[in-house]
Amino acid sequence: MKVLITGGKGRLGTALAVQMQPKHTVTSIDVDELDVTDYAATQHAIASAAPDVVIHCAAWTDVDGCARDPERAMVINGVGA
């Protein structure tokens, strides 16, 4: 199975890739490669990878930053999802 993991450099994305790679073909992408709030770029990344499944682990995990900027948090963690 071909798997695409967003947030691939984060703790969860990294752990999932390690666990899945022995059995599956895993492509991991992170914020430096994909802005999940950019719908067209996200569709392009998914189409390019042609995965059977997408596991979305990308998020803004800075709790204090999210509290200071709830609008940005909603765009990244809500709309991005």
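## Exercises on a predicted model

In this predicted model, helix 1 (residues 11–20) has G13, A17 and M20 as its buried residues. Seen down the helix axis, these buried residues fall within an arc of 75°, so they line one face of helix 1.

**Exercise 1.** Find what the buried residues of helix 1 pack against, and list the exposed residues on the other side.

*Solution.* 
- Step 1. Start from the buried residues: G13, A17 and M20.
- Step 2. Look for their packing partners. They are strand 1 (2–6), strand 2 (25–29) and strand 3 (53–56).
- Step 3. Turn to the other side of helix 1. There, R11, L12, V18 and Q19 are exposed.

**Exercise 2.** Decide whether Q19 is buried or exposed. Then state how far Q19 lies from D35, in sequence and in space.

*Solution.* 
- Step 1. Read its relative accessible area, which is 64%. Exposed means over 50%, so Q19 is exposed.
- Step 2. Count along the chain: Q19 and D35 are 16 residues apart in sequence.
- Step 3. Go from C-alpha to C-alpha: the two residues are 25 Å apart in space.

**Exercise 3.** Decide whether T42 is buried or exposed. Then name its contacts, leaving aside neighbours within four places in sequence.

*Solution.* 
- Step 1. Locate T42: it is found in helix 2 (residues 39–49).
- Step 2. Check its relative accessibility, 17%. The cut-off for buried is under 20%, so T42 counts as buried.
- Step 3. Set aside the neighbours within four places in sequence. T42 is then in contact with L34, D35 and V36.

Methods: Residues are numbered from 1 along each chain as its sequence is written. This is a predicted model: local features need pLDDT of at least 70, side-chain atom pairs count only at pLDDT 80 or more; totals for chains, interfaces and linings use all residues. Side-chain values use heavy atoms; hydrogens and water are left out. Helices (H or I, at least four residues) and strands (E, at least two) are DSSP runs, numbered from the N terminus. Buried means under 20% relative accessible area, exposed over 50%, partly exposed in between (1.4 Å probe, protein chains only). Contact means heavy atoms within 4.5 Å. The arc is that of the directions from the helix axis to the C-beta atoms.
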